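Trainee: I have a model open and want to learn how to read it. Can we go through it feature by feature?

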Amino acid sequence: MKVSVIVPIYKVEKYLRQCVDSILSQTFQDFELILVDDGSPDNCPAICDEYASKDKRVVVLHKKNGGLVSAWKAGVEIAKGEYIAFIDGDDFVEFTYLETLLDNMSDDIDVVCMHCQRYYDDNRAENYKINALSAGVYEVDTLKDRLILDGGDYHKLIANCRWAKLFKTSAVKDNAKYCLEEVSFGEDQQLTIGILFESKKIKLVDEYKYYYRFNQASIVNSYKQKLWERVCLLIDTLSSIPQVQAVGSAYRQLNTQLLLYVNDCLRNEQYFGKGLSKKYFLQIANDDRTKQALQNCDTASMGRLDSKIIKCVRKKRFLRLKYILFIYFIYCRLTGDNL
């Protein structure tokens, strides 16, 4: 068996058939399709069983709901292929997706990555470059100082997502044990960073054959519950991965990433919650993780707004921050930009 395609499934009844059909119609056929029903309360379990009854390549795993990480880890445990590709249950792929990934994989390549297409509810699709690196083969040792975060903005040399990539199964199984099921923010990063750091060579291809279903209204303009707690759990988990601990510059990258997440948390409360409170602001500003990050980070290339927010956090200027966020709110309303 060459490839195991793992699809975690929960409440995607509307999109599941499109996802599965796109996989079963691949030009490359030597694969097993592992559908992991994460206790979905809709018709997804029955749809999975229907496909399994018609195609021997389909393996269905029904389990109690445990979240996204729990679902894909369950699929990894039973995967028999030489390589693993992840596809989320509400996404789909072009019929040459697996063939393209495999054509670019070789014995000396550890991970193959491509870009994706943003797919909108009105059936529009647009190329979306998720990897900052240009197409080519790269020695990972030359990238480790920038793999988590390249500079002081949200720049990613290689996207953190599981999907739009082809991994060696051995690497996924080895690194899955470091992935906590409780992580629910940036959860893919705990798998991809470990694998990338232990890889020798990676290859990026300039292809857009993964269709990522994008709902801008729900993703960008919505309140994220307990975001600071979720950020802290992610950073703590990433910091504990042995491959991360072995890279001296990794902590500076993680600290910079934490500060960007601090900005996200404060803006999340101000714009989408009940309003940023001084208590919440000081909780974040006084957290030991924040204090450590402020001492060892890379803020030089942060955007203007991010830099101003971090300055307020550093000096604990709550009222100044509220004023900055208010002015930015007015600016976005006048220009039509997203908050």
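**Charge, burial and patches**

Mentor: Start with a single residue. Arg 314 sits in helix α13. Keep in mind that this is a predicted model.

Trainee: Is Arg 314 buried, partly exposed or exposed?

Mentor: Arg 314 is partly exposed, because its relative accessible area is 43%.

Trainee: How many salt bridges does a search of the whole structure find?

Mentor: The search finds 16. Take Glu 82 and Lys 2. Their side chains form a salt bridge, with an N to O distance of 3.4 Å. Glu 82 is in the loop between α3 (68-78) and β4 (83-86), and Lys 2 is in the segment before β1, so the pair ties together parts that are 80 residues apart in sequence.

Trainee: How accessible are Glu 82 and Lys 2?

Mentor: Both get the label partly exposed. Glu 82 has a relative accessible area of 39%, and Lys 2 has 30%.

Trainee: Which residue forms a salt bridge with Lys 63?

Mentor: Asp 38 does, with the closest N and O atoms 2.6 Å apart. This pair links distant parts of the chain. Lys 63 belongs to strand β3 (residues 58-63) and Asp 38 to strand β2 (residues 31-38), 25 residues apart.

Trainee: Are Lys 63 and Asp 38 buried or exposed?

Mentor: Use the cut-off: buried means under 20% relative accessible area. Lys 63 has 19%, so Lys 63 is buried. Asp 38 has 2%, so Asp 38 is buried too.

Trainee: Which residues are joined with Glu 50 and Lys 54 into one network?

Mentor: Arg 17 is joined with them, through salt bridges that share partners.

Trainee: Next, the interior. Where is Val 7 placed, and is Val 7 buried or exposed?

Mentor: Val 7 lies in strand β1 (residues 3-9). Val 7 is buried, because its relative accessibility is 0%.

Trainee: What is Val 7 in contact with, leaving aside its neighbours within four places in sequence?

Mentor: Its contacts are Cys 19, Ile 23, Leu 33, Ile 34, Leu 35, Val 36, Ile 87, Asp 88 and Gly 89. Check one of them, Cys 19. Cys 19 is 12 residues from Val 7 along the chain, and their C-alpha atoms are separated by 8.9 Å.

Trainee: Back to the surface. Which residues form a nonpolar patch?

Mentor: Tyr 323, Phe 326, Ile 327, Ile 330 and Leu 334 do. Together they have about 530 Å² of accessible area. Zoom in on Leu 334, found in helix α14 (residues 318-335). Leu 334 is exposed, because its relative accessible area is 71% and exposed means over 50%.

Note on methods: Residues numbered from 1 in each chain as written. Predicted model: local features only at pLDDT ≥ 70, side-chain atom pairs only at ≥ 80, totals over all residues. Heavy atoms only, no water. Helix = DSSP H or I, 4+ residues; strand = E, 2+ residues; numbered from the N terminus. Buried < 20%, exposed > 50% of the residue type's maximum accessible area, 1.4 Å probe, protein only. Contact = heavy atoms within 4.5 Å. Salt bridge = Lys/Arg side-chain N within 4 Å of Asp/Glu carboxyl O. Patch = residues over 30% accessible without salt bridge, like charges linked within 9 Å, V, L, I, M, F, W, Y side chains within 5 Å. Areas by Shrake-Rupley, 256 points an atom, 1.4 Å probe, with all protein chains shown as cover.
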